[in-house]
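Open the model in your viewer and keep the selection panel at hand. The stops below say what to select next and what is there.

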Amino acid sequence: MNQTKFYDCHIYFDESRTNIEKIEKISKKFNDSKFIISPACTINHEPDKSEIMYFLQRQMLKSKFLYHLANIVSKTFYNKDYNLRIFWRIFTGGNKKLNKVIIPENKKIYNIIKNKKDFLKMWYWININEIEVNEIDKNIFFSNLVAGFKFHCYWHNLSLKKITNFLKSFKNTKPIYVILDYKNKNEIVEFLKINKGTKIILGYCGFPLYNCIFDIIKEYENCFVDLASNHID
């Protein structure tokens, strides 16, 4: 039985940057490819980040010593209101603000793509620090339009243990897409052991742990990485 392949093109659907028509043109250009998109990660337009900043970050994360410095630096990016601090705006192309989305708008994305189900799916992106299991729209999640859950540990300050507990209580059977955080380094093995029955995709090639992630995940046939990010080279 042939299965339809969907590609995570890693688009945070931001209407100030793109629209369904543009994505549909790309789909047709590449032999009617099928894509998975996510709710927006920032309020309003997400600014472009400096290539120099990406480069320096990559070099630091390749070094066991500088990795710890990168971790410390990362804690200075945002203030308590989840806004990018003024100093770091220098690296966003014209001193532009960057305001995090705390509760991703899954329903909005679902309503946008529900008539485009021939070539689009979505990740149900959830911040479990803010949303309880009973607040999930099951009609959306269990539809054919949803590929599975997405969790962003760094963006929403999540532990892998908390994600595991959430998955147990929800009794999830779909794949999950997880973007890690620096503090997940000591949690990742236990997370993979407990969740052997779940397909797990680690975003950004396991960023910020990509210097060690392959040695960790090679024993787990249910775990994969993606390559869609400026955070990797």
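The tour goes from aromatic rings to charges, then to a loop and the surface.

This is a predicted model, in which local features need pLDDT of at least 70 and side-chain atom pairs count only at pLDDT 80 or more, while totals for chains, interfaces and linings use all residues. Residues are numbered from 1 along each chain as its sequence is written, and side-chain values use heavy atoms, with hydrogens and water left out.

**Stop 1: aromatic rings**

A pair of aromatic rings is described by the distance of the centres and the angle of the planes. Here, rings of Phe, Tyr and Trp (its six-membered ring) pair if their centres lie within 6.5 Å; planes under 30 degrees apart count as stacked, over 60 as edge-to-face and the rest as tilted. The count by this rule is 16 aromatic pairs.

Select F141 and F149. Their ring centres are 4.2 Å apart and their planes are at 25°, so this pair is stacked. Are these two residues buried or exposed? Buried means under 20% relative accessible area, exposed over 50%, and partly exposed in between (1.4 Å probe, protein chains only). F141 has 0% relative accessibility, so it counts as buried. F149 also counts as buried, at 0%.

Now select F166 and F170. The ring centres of F166 and F170 lie 6.1 Å apart with the planes at 0°, so the pair is stacked. Both F166 and F170 are buried. They sit 4 residues apart in helix 7 (residues 160-170), so about one helical turn separates them. Helices (H or I, at least four residues) and strands (E, at least two) are DSSP runs, numbered from the N terminus.

**Stop 2: a lysine over two rings**

Go to K100, and show Y154 and W155 with it. A charge sits over a ring if NZ of Lys or CZ of Arg is within 6 Å of the ring centre and within 35 degrees of the ring normal. K100 lies over the face of Y154, 5.4 Å from the ring centre. The charged end of K100 also sits over the ring of W155, at 4.9 Å from its centre.

**Stop 3: salt bridges**

Side chains of opposite charge can pair when their charged atoms come close. A salt bridge is a side-chain nitrogen of Lys or Arg within 4 Å of a carboxyl oxygen of Asp or Glu. How many salt bridges does this rule give? The count is 2 salt bridges.

Select D181 and K183. Their side chains meet in a salt bridge at 2.8 Å, N to O. D181 is buried, at a relative accessible area of 8%, while K183 is partly exposed at 37%.

Then select D215 and K218. The salt bridge between these side chains is 4.0 Å, N to O. D215 is exposed, with a relative accessible area of 58%. K218 counts as exposed, at 59%.

**Stop 4**

Most residues other than glycine have a negative phi, and most peptide bonds are trans. The peptide bond joining F207 and P208 is cis, with omega about 0°.

Step back to Y204, in the loop between strand 6 and helix 9. The phi of Y204 is positive, near 60°, in a residue other than glycine. Y204 is buried, with a relative accessible area of 8%. Next is C205, found in that loop between strand 6 and helix 9. C205 is not a glycine, yet its phi is positive, about 60°. C205 is buried, at a relative accessible area of 9%.

**Stop 5: a serine after strand 7**

Select S229, in the segment after strand 7 (223-225). S229 is buried, with a relative accessible area of 16%. A polar atom of the S229 side chain lies 2.9 Å from the backbone nitrogen of H231.

**Stop 6: a surface patch**

Finish with I52, F55 and L56. They form a nonpolar patch on the surface, with about 310 Å² of accessible area together. Patches are made of residues with over 30% relative accessible area and no salt bridge: like charges are joined within 9 Å, nonpolar side chains (Val, Leu, Ile, Met, Phe, Trp, Tyr) within 5 Å. Accessible areas come from the Shrake-Rupley method with a 1.4 Å probe; for residues, only the protein chains shown count as cover. I52 is in helix 2 (residues 51-61). I52 is exposed, at a relative accessible area of 59%.

Technical notes: A polar contact is a pair of N or O atoms within 3.5 Å; within protein, one must be able to donate a hydrogen and the other to accept it, and residues adjacent in sequence count only if both atoms are side-chain atoms.
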